[in-house]
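Subject: Structure handover

Hello,

Here is the structure I promised to pass on. My notes on its side-chain contacts follow.

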Amino acid sequence: MNLRQLIEKFYILERQEKLFEAIYTDEAQEQLEQLAPKYQDRISKAVQIFEIIGSKYKNVNTLGNELFEIKPKDVRAYFRYHKDGKRIIIIGLVCLKTTPKAPPQNKEQAERSIEKYYNNERNL
């Protein structure tokens, strides 16, 4: 795919109505910002695609305990669907992929980050 086709593809995606809205926890936002720009772009584009097409996106895996991951190539974003049934996903952890399977400590960290988000949301 040449650069023009790639630009057109993402321009079309930007104009699509979204099925979901992705919200990053503070921790996940910090982790995203610490990644090299190529990894930031990779995961950001994957999240944008997920927002438009939802669970049909091929790079989404279930991890159990209502936790999922978006995994384009060598970056992972762990998320959970919003508890209130809203069309929102809460991204709790963003990291480089270092193992074939999601490490338990990453899942635990994502879950803690998401729970902290919910606690802060209730206090607003």
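One cut-off first: a residue counts as buried when its relative accessible area is under 20%, and as exposed when that area is over 50%. Anything in between is partly exposed. Please keep in mind that this is a predicted model.

Aromatic pairs

The whole structure holds eight aromatic pairs. One of them joins phenylalanine 50 and phenylalanine 79. Their ring centres are 5.2 Å apart.

How accessible are the two partners? Phenylalanine 50 has a relative accessible area of 0%, so it is buried. Phenylalanine 79 also comes out at 0%, and it too is buried.

Phenylalanine 79 has another ring partner, phenylalanine 68. Here the centres lie 5.5 Å apart and the planes are at 25°, so this pair is stacked. Phenylalanine 68 sits in strand E3 (residues 67–70) and phenylalanine 79 in strand E4. The two are 11 residues apart, and the pair links distant parts of the chain.

Ring pairs connect Phe20, Phe50, Phe68, Phe79 and Tyr81 into a cluster.

Charges over rings

Elsewhere, lysine 83 places its charged end over the ring of tyrosine 118, 4.4 Å from the ring centre.

Salt bridges

Side chains of opposite charge can pair when their charged atoms come close. The count for this model is six salt bridges.

Glutamate 27 pairs with lysine 116, with the closest N and O atoms 2.9 Å apart. Glutamate 27 is in helix H2 (residues 26–34), whereas lysine 116 is in helix H4 (residues 104–122). The partners are 89 residues apart, so the bridge links distant parts of the chain. Glutamate 27 is partly exposed at 24% relative accessible area. Lysine 116 is partly exposed as well, at 44%.

Arginine 42 bridges to aspartate 74. The closest N and O atoms are 2.5 Å apart. Arginine 42 lies in helix H3 and aspartate 74 in the loop between E3 and E4, so the pair ties together parts 32 residues apart in sequence. Arginine 42 is partly exposed, with 25% relative accessibility. Aspartate 74 is partly exposed too, with 27%.

Lysine 71 and glutamate 69 form a further salt bridge, their closest N and O atoms being 3.8 Å apart. Are these two buried or exposed? Lysine 71 has 18% relative accessibility and counts as buried. Glutamate 69 is buried at 3%. Salt bridges with shared partners join Glu69, Lys71 and Arg76 into one network.

Where to look

For the charges, start at the bridge from glutamate 27 to lysine 116.

Best wishes

Technical notes:
Residues numbered from 1 in each chain as written. Predicted model: local features only at pLDDT ≥ 70, side-chain atom pairs only at ≥ 80, totals over all residues. Heavy atoms only, no water. Phe/Tyr/Trp six-rings, centres within 6.5 Å; stacked < 30°, edge-to-face > 60°. Buried < 20%, exposed > 50% of the residue type's maximum accessible area, 1.4 Å probe, protein only. Helix = DSSP H or I, 4+ residues; strand = E, 2+ residues; numbered from the N terminus. Lys NZ or Arg CZ within 6 Å of the ring centre and 35° of its normal. Salt bridge = Lys/Arg side-chain N within 4 Å of Asp/Glu carboxyl O.
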